[in-house]
Amino acid sequence: MMFDGFFIAGIVVTLLAAVICVVAAILKHGPNDITILSLAAVELFLLVYAVAGIIRQASGENVAGETWEFWGYLITALLVPVAAFWWSITDRSRWSNLVLGAAAVTVFVMLVRMEQIWDGPIVV
């Protein structure tokens, strides 16, 4: 199976954001522009991914799994970084960076599942 470019880009963006946020927490930094913007990059990716999904589906590309399940995952994934952002601005401790990192990892896992729903099971 071949992974599409969106999936590869999503892996890079989410894992990079997770690493940035976890390293910041290890260094005992509170949430800052770098950690918050790394999660904003995840959200931006998800917005582009949603638009691409709409275009792909409108142009006739079929989803291997249930369409409602794919869109349910995507809508939920769009909410995760927003919730983590609000957490980070209300709790300015270093632990908020772990919440930001956990949000990035959560989106990564959800992205893997969305890829499985769209293209079928991932075989390595």
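## How helix H1 packs

The buried residues of H1 pack against H2 and H4; here a helix is a DSSP run (H or I) of at least four residues, numbered from the N terminus, and buried means under 20% relative accessible area, with exposed over 50% and partly exposed in between (1.4 Å probe, protein chains only). This is a predicted model, in which local features need pLDDT of at least 70 and side-chain atom pairs count only at pLDDT 80 or more, while totals for chains, interfaces and linings use all residues. Residues are numbered from 1 along each chain as its sequence is written, and side-chain values use heavy atoms, with hydrogens and water left out.

Which residues of H1 are buried? They are Phe-7, Gly-10, Thr-14, Ala-17, Ala-18, Cys-21, Ala-24 and Ala-25. Seen down the axis of H1, these buried residues fall within an arc of 140 degrees, so they line one face of the helix; the arc is taken from the directions between the helix axis and the C-beta atoms. On the other side of H1, Val-12, Leu-16 and Ile-26 are exposed.

Ser-38 sits in helix H2, which covers residues 33-58. Ser-38 is buried, at a relative accessible area of 9%. Leaving aside neighbours within four places in sequence, Ser-38 is in contact with Ala-17, Ile-20 and Cys-21, where contact means heavy atoms within 4.5 Å.

Lys-28 counts as exposed, at 61% relative accessibility. Its phi is near 65 degrees, a positive value in a residue other than glycine. For background, most residues other than glycine have a negative phi.

## Helix H3 and its cover

Helix H3 runs over residues 67-90 and has 24 residues. From first C-alpha to last, H3 reaches 36 Å, close to the 34 Å expected at 1.5 Å a residue; the expected span is 1.5 Å times one less than the number of residues.

The buried residues of H3 include Phe-70, Trp-71, Leu-74 and Pro-81. What covers the buried residues of H3 includes H2 and H4.

## Salt bridges

How many salt bridges does a search of the whole structure find? The search finds three, a salt bridge being a side-chain nitrogen of Lys or Arg within 4 Å of a carboxyl oxygen of Asp or Glu. Asp-4 forms one with Arg-56, with the closest N and O atoms 3.2 Å apart. Asp-4 lies in the segment before H1 and Arg-56 in helix H2, so this pair ties together parts that are 52 residues apart in sequence. Arg-56 also forms a salt bridge with Glu-61, at 2.8 Å between the closest N and O atoms.

The side chains of Arg-113 and Glu-69 meet in another salt bridge (3.1 Å, N to O). Arg-113 lies in helix H4 and Glu-69 in helix H3, so the pair ties together parts that are 44 residues apart in sequence.

Val-22, Ile-26, Trp-95 and Leu-98 make a nonpolar surface patch of about 380 Å². Accessible areas come from the Shrake-Rupley method with a 1.4 Å probe, and for residues only the protein chains shown count as cover. Patches use residues with over 30% relative accessible area and no salt bridge, joining like charges within 9 Å and nonpolar side chains (Val, Leu, Ile, Met, Phe, Trp, Tyr) within 5 Å.

Helices H1 (5-26) and H4 (95-119) each supply at least two residues of the nonpolar patch. Leu-98, in helix H4, is partly exposed at a relative accessible area of 33%.
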